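Hi everyone, thanks for making time for this.

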Amino acid sequence: MAGKTLFDKIWDRHIVSQVDQGPDVLYIDRHFIHEVTSPQAFSGLENRSLPVFRPQQTVATADHNVPTLHQHLPIKDSLSRYQVDKLTENCEKFGVSLYGLGHPFQGIVHVIGPELGITQPGMTMVCGDSHTSTHGAFGAIAFGIGTSEVEQVLATQCVLQYKPKRMLIEVDGPISAGVLSKDIILYIISNISTSGGTGHFVEYGGSTIRDLSMEARMTICNMSIEMGARGGLIAPDQITFDYLKGREFAPSGSDWEEHLSKWKELSTDDKAAFDKTHHFDATDIAPMITYGTNPGMGIKIDDKIPTPEQANGERKALEKALAYMDLDSGTSLLGKEIEYVFIGSCTNARIEDLRLVADLVKGKKKASHVNAMIIPGSKQVEAQAQTEGLDRILEEAGFQLRQPGCSACLGMNDDKIPKGAYCVSTSNRNFEGRQGPGARTLLASPLTAAATALKGCITDVRELI
Amino acid sequence: MEKFDTLISTCVPLPIENVDTDQIIPARFLKATTREGFGENLFRDWRYDEQDKPKTDFILNHDRYKGAILLTGKNFGCGSSREHAAWAIYDYGFKAVISSSFADIFKSNALNNGLLPVEISSDFLQFLFKQTSDNSETKVRIDLQKQTLVTLDPHFSESFDINPYKKHCLLNGFDDLDFLLSQKEKIVAYEETNN
């Protein structure tokens with residue numbers, strides 16, 4: 001008999017009922033909300049005079065639209081202030097825990113869930129944000145939903161979903177010095193394309209993945225959506241359990257042992273079949289950088305931008321992207337002068353990312369023309385960085401350390417990259433205008449971003465280590 | 001939700017692939033706390049320059065193409081989960097989007113708002129782009145009940161897939177929340193068994 005994948009096991013045990021010839025009613029263990037995709041959902045509840053069904057399974061934070069400086073002062077932009085206040089008002093009215101501005105747990109939603117031990121193996125989790133896939137790193141089914149679905153989950157703790165197909169992506173072999181998990185996922189997407197995962201839920205496996213820390217695994221799962229996948233997960237193991245033990249909302253005492261024994265059963269059966277499989281050799285992975293206007297348009301840092309002939313039938317798209325980015329096919333990106341460096345976002349703003357950057361820049365100074373911003377993913381990451389003295393190291397190197405929020409990942413607050421300017425960013429999307437109208441984003445790992453800030457131009461970090 | 005049954009309209013062609021939701025509705029317009037008014041900012045940075053003047057080379061600014069159907073390249077709606085993208089398209093006046101593929105989250109968001117995503121073969125899509133380019137008055141008939149897309153003159157047609165549950169919801173104007181609320185007993189029973 002064919003076995004089941006981990007994805008199948010978790011999905012199937014969360015089915016409440018099935019619609020005839022239709023979707024599954026999927027029970028949701030944890031629902032994260034933030035200020036941008038929740039107000040219309042709460043209004044919907046109000047219009048129907050409904051309460052939040054399970055407020056104790058709902059957690060809120062303010063992250064997308066908050067300023068990253070002077071957070072103790074009222075938000076200057078009136079629309080932003082109204083939206084953030086609306087979240088506070090809604091959480092109070094409906095009895096939902098809010099880790100908002102001023103709270104020691106505040107931060108980017110996909111950073112705080114895991115660090116607080118709210119995210120746990122075997123769970124189903126949703127949020128009105130596509131990078132919810134991040135939580136899959138714990139062996140959870142976690143995916144992004146729209147505001148109407150947020151309303152459904154608030155009202156019933158369930159969402160209607162068609163079960164996606166299953167994809168296995170295996171990466172084996174040792175990674176080379178200077179290569180991080182961000183490079184692994186950019187490499188994968190450049191091979192599979194931004195629609196290569198559409199209709200599928202991914203499981204990542206292989207020795208390379210197994211050797212990664214939890215934070216590194218989160219970076220990989222985070223960008224599952226960028227290949228069009230519904231989400232991505234990594235089976236839990238001792239690395240997962242060690243990360244979780246002792247966290248604020250993780251089980252403790254005898255509860256911990258009980259959960260642990262259930263978590264240890266969470267794996268894909270040997271004979272399980274996936275609908276699609278990809279294998280990659282980690283020794284082929286180098287530091288990556290994107291050159292175009294979707295995350296799949298990436299190359300190894302020392303490769304040349306593809307020519308239209310190499311574009312695999314995507315000639316028109318390549319030409320449009322290069323016109324927007326004002327870059328030329330067949331050229332190298334190394335040495336290209338860069339004005340902005342952004343180290344932050346739910347992809348790469350955790351303590352390990354900050355440690356890697358601090359290690360590289362210690363005792364050195366960024367290039368004088370570069371604006372280098374570091375946005376820690378949460379108040380806890382910020383506090384940890386201060387305890388370790390990373391803040392001093394980073395500030396001495398000329399990096400501006402700001403306060404937690406999504407910031408320039410999507411430029412919804414004041415942290416926008418100006419028109420025409422290039423920004424090497426540790427975030428997850430390089431779409432036209434993503435970081436500000438006319439902004440030109442190049443996605444990279446925290447090490448590549450830091451190396452670029454030091455040299456003032458796109459740099460292969462392997463030359464500095 | 002508005003019912004969707006049959007739609008006969010001319011098409012507005014946007015022959016670009018991988019149109020992401022940041023183009024459909026840029027992040028700075030997500031500050032609104034209601035569902036209304038997003039149509040004004042549909043494709044904002046493709047439609048208007050920094051002085052807020054309409055860009056003459058963008059399709060929505062041409063008088064030549066009008067209609068309730070958006071015709072677009074593959075992988076439409078990729079990127080962010082913002083439902084505001086579906087709201088913007090619908091509020092602008094489109095009732096259906098035709099492409100050879102849609103990003104998953106966008107597809108759900110569209111269906112939840114009475115905006116029909118019609119998935120056809122890439123050959124038929126190229127044919128429609130050509131027809132529309134040759135004749136901006138090309139009319140198309142989308143029949144949800146029959147699941148067909150037909151060009152009216154000359155007559156060509158293709159069937160499209162849609163899951164039966166969603167089809168039923170669109171034809172009747174039902175939304176998922178009503179259905180889920182009807183499942184409350186089962187949900188509570190599930191919780192009791194699983195805790």
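Predicted model: local features only at pLDDT ≥ 70, side-chain atom pairs only at ≥ 80, totals over all residues.

B:Gln147 is found in the loop between strands β5 (139-143) and β6 (148-152) of chain B. Is B:Gln147 buried or exposed? Its relative accessible area is 17%, so B:Gln147 counts as buried, since the cut-off for buried is under 20%. Leaving out residues up to four places away in sequence, B:Gln147 touches B:Glu158, B:Ser159, B:Phe160, B:Asp161, B:Ile162 and B:Lys167. For a sense of distance, take B:Leu30, which is 117 residues from B:Gln147 along the chain. The C-alpha atoms of these two are separated by 34 Å.

Now let's set beside that a residue of chain A. A:Ile299 lies in strand β14 (residues 298-300) of chain A. With a relative accessible area of 8%, A:Ile299 is buried. Its contacts, again not counting residues up to four places away in sequence, are A:Pro287, A:Met288, A:Ile289, A:Tyr291, A:Lys304, A:Ile305, A:Pro306 and A:Leu333. A:Asp183 is 116 residues from A:Ile299 along the chain, and their C-alpha atoms are separated by 9.9 Å.

On to the sheets of chain A. One is an open sheet of 3 strands in the order β1-β2-β8, with antiparallel pairing. Which strands stand at its edges? They are β1 (15-18) and β8 (158-161) of chain A; each has a single partner strand, so one side of each is left without a neighbour in the sheet. On average, neighbouring strands of this sheet are turned by 25° against each other, direction ignored.

Let's look at how those strands are joined. Between β1(A) and β2 (residues 24-27) of chain A there are 3 bridges, and the two run antiparallel. A:Gln18 has A:Asp24 in β2(A) as its bridge partner.

Another open sheet has 5 strands in the order β5-β4-β3-β6-β7 of chain A, with parallel pairing. Its edges are β5 (97-99) and β7 (141-144) of chain A, each with a single partner strand, so one side of each has no neighbour in the sheet. Neighbouring strands are turned by 20° against each other on average, direction ignored. Strand β4 (residues 58-61) of chain A runs parallel to β5(A), joined by 3 bridges, and A:Ala60 stands opposite A:Leu98 in β5(A). Helix α5 (residues 147-156) of chain A lies across β3 (30-33), β4 and β6 (124-127) of chain A, at about 130° to β3(A).

One more strand pair: β15 (residues 340-343) and β16 (residues 371-374) of chain A run parallel, with 4 bridges between them. A:Ile343 has A:Ile374 in β16(A) as its bridge partner. Both faces of β15(A) are covered, with A:Tyr340 and A:Phe342 buried on one side and A:Val341 and A:Ile343 buried on the other.

Next, a helix pair. Helix α12 (residues 351-361) and helix α15 (residues 446-455), both of chain A, pack at an angle of about 35° with axes 9 Å apart. The crossing is right-handed. From α12(A), A:Asp353, A:Leu356, A:Val357, A:Leu360 and A:Val361 meet A:Pro446, A:Leu447, A:Ala450, A:Ala451 and A:Leu454 of α15(A). By class, that contact has 9 nonpolar, no polar and 1 charged residues.

A:Val361 takes us to the last topic, the cores. The largest nonpolar core has 84 residues, and A:Val361, B:Phe43 and B:Phe76 touch the most other members. A second, separate core of 72 residues includes A:Ala41, A:Phe143, A:Tyr204 and A:Ile234.

Terms used
Residues numbered from 1 in each chain as written. Chains lettered and ligands numbered in written order. Heavy atoms only, no water. Axes fitted to C-alpha atoms, helices over the stretch in contact; angles between N-to-C directions. Left-handed = near helix turned anticlockwise from the far one by under 90°. Contact = heavy atoms within 4.5 Å. Nonpolar A, V, L, I, M, F, W, Y, C, P; charged D, E, K, R; others polar. Core = buried A, V, L, I, M, F, W, Y, C linked by side-chain atoms within 4.5 Å. Buried < 20%, exposed > 50% of the residue type's maximum accessible area, 1.4 Å probe, protein only. Pairing = 2+ DSSP bridges.
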